[in-house]
Amino acid sequence: MLDFNHRPKFHERVTAVIDEALARERTSQTPRRYLGASRLGVACERALQYEYAQAPVDPGRELPGRVLRVFEVGHAMADLAIRWLRLAGFELYTRKADGGQFGFSVAGGRIQGHVDGILAVGPADIEVDFSMRWPALWECKTMNDKSWRETVKQGVARAKPIYAAQIAVYQAYMEGAVPGIASSPALFTAINKDSQEIWFELVPFDGGLAQRMSDRAVRVITATEAGELLPRHATTPTHFECKSCPWQDRCWRPA
């Protein structure tokens, strides 16, 4: 029951003002008109269709301000990781000479990706002791404690397949612009947002995974532009991934 006599506390009101501003800023941003390569590893191809077609999310499922703040904290921590690696002797490039991000665009611009960075060289003892090769893709993620520990225990390919797919696709499509990047293991970095512990993992190029994700992208785009819906990942709307999907109602409502 609503409490109409409740007055927001000071911290609640200030937080609400910030969240409202973040939501306005997000709404004012130009929506991307392509399928992001970082999303190709999600479980449901139909959800990718909705995302590519920019279908409106279900009412009440817009990203809350808390999540927008989580995104921004993640970006800030990635910037710190860049500083730490450079300070340690890694030659890490995150921007091209013109200031733009390193990335790729294929299929007439309908599939695009922007990488976190390119490693050109690193400390000699790490290169010798761990057989690192250059150039190498650098990808950085921030995680809560539970996700971070799962990634450390299982490795990124098993614990976070969406990230593994992203890395493989980036390595494949960046090879043309950065020759040799697909021959060198990528350096995956995960920062624990709760403890600031860091996990570093060398991820060899998985050509089979990159091809499957590329085929998936073509399938999603082709079906969407033809007005055809691909199968759902789940068989019931109560599946945990459906329950968290911003298009759950749209997807499961009667045709």
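Author: Let us begin with a helix and a sheet. In this predicted model, helix H7, residues 161–174, lies across strands E3 and E4. Relative to E3, helix H7 runs at about 80°.

Reader: In what order do the 3 strands of the open sheet stand?

Author: The pairing in this open sheet is mixed. Strands E1 (35–36) and E3 (103–106) each have a single partner strand, so they stand at the edges, and one side of each is left without a neighbour in the sheet. The order is E1-E4-E3.

Reader: Which residue in E4 is the bridge partner of Val 106?

Author: Strand E3 pairs with strand E4, residues 111–114, in the antiparallel sense over 4 bridges. Within E4, the bridge partner of Val 106 is Ile 111.

Reader: How many residues does the largest nonpolar core have?

Author: Among the residues with the most contacts inside this core are Leu 35, Leu 40 and Phe 188. Helix H2 (45–52), strand E6 (136–143), H7, strand E7 (186–192) and helix H8 (207–225) each give two or more residues to the core. The largest nonpolar core has 36 residues.

Reader: How many residues form the second, separate core?

Author: The members of this second core include Ala 78, Leu 85, Met 132 and Ile 191. Its size is 15 residues.

Reader: What percentage of the residues of the protein chain count as buried?

Author: The protein chain has 10 helices and 8 strands. A residue counts as buried if its relative accessible area is under 20%. Of the 255 residues, the buried share is 39%.

Key: Residues are numbered from 1 along each chain as its sequence is written. This is a predicted model: local features need pLDDT of at least 70, side-chain atom pairs count only at pLDDT 80 or more; totals for chains, interfaces and linings use all residues. Side-chain values use heavy atoms; hydrogens and water are left out. Two strands pair if DSSP finds at least two bridges between them. Contact means heavy atoms within 4.5 Å. Axes are lines fitted to C-alpha atoms, for helices over the stretch in contact, and angles run from 0 to 180 degrees between N-to-C directions. A nonpolar core is a set of buried Ala, Val, Leu, Ile, Met, Phe, Trp, Tyr and Cys residues joined through side-chain atoms within 4.5 Å. Buried means under 20% relative accessible area, exposed over 50%, partly exposed in between (1.4 Å probe, protein chains only).
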